[in-house]
Amino acid sequence: MGCSWSLVAVHWTDAFDSENGWVDVHEYSPEPTHVVSVGFLWPDKLKGYICLTGSYMPDEAAEPRSVGMVLHIPEGMVNKIVMLGEPNWTTLVT
């Protein structure tokens, strides 16, 4: 049984700054940074943000009580969200 939260890929534009030091205003050419983050969508956690978690405990899969690697992406920076569907869970046998 997997986590009840949706597994998604969030495409977003990250905040960025210039290199440190003096920047020539005529030569400076900023370029947006495109990022893709994959995780479980934590619904309704923080208003104005898309919240993802990268880890959960499978014993709590129906309703997670503990999560790890939480990421909060401002909604205004999100370009698209792609639903990845239910993961194909397999057990490794050694």
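Asp44 lies in the loop that joins E2 to strand E3 (49-56). Strands, labelled E, are DSSP runs of at least two residues, and helices, labelled H or I, are DSSP runs of at least four, numbered from the N terminus. The model is a predicted one, in which local features need pLDDT of at least 70 and side-chain atom pairs count only at pLDDT 80 or more, whereas totals for chains, interfaces and linings use all residues. Residues are numbered from 1 along each chain as its sequence is written, and side-chain values use heavy atoms, with hydrogens and water left out.

The phi angle of Asp44 is near 55°, a positive value in a residue other than glycine. Asp44 is classed as exposed because its relative accessible area is 83%; the classes are buried under 20%, exposed over 50% and partly exposed in between, computed with a 1.4 Å probe on protein chains only.

A positive phi also occurs within a strand: Met69, which is not a glycine, has a phi of about 55° and is found in strand E4 (residues 67-74). Its relative accessibility is 62%, and Met69 therefore counts as exposed.

Which residues does Ser18 touch, leaving aside those up to four places away in sequence? They are Val23 and Tyr28, where contact means heavy atoms within 4.5 Å. Ser18 is located in the loop between strand E1 (7-14) and strand E2 (33-41). Although 10 residues separate Ser18 from Tyr28 in sequence, their C-alpha atoms are 8.5 Å apart in space. Ser18 counts as partly exposed because its relative accessibility is 28%.
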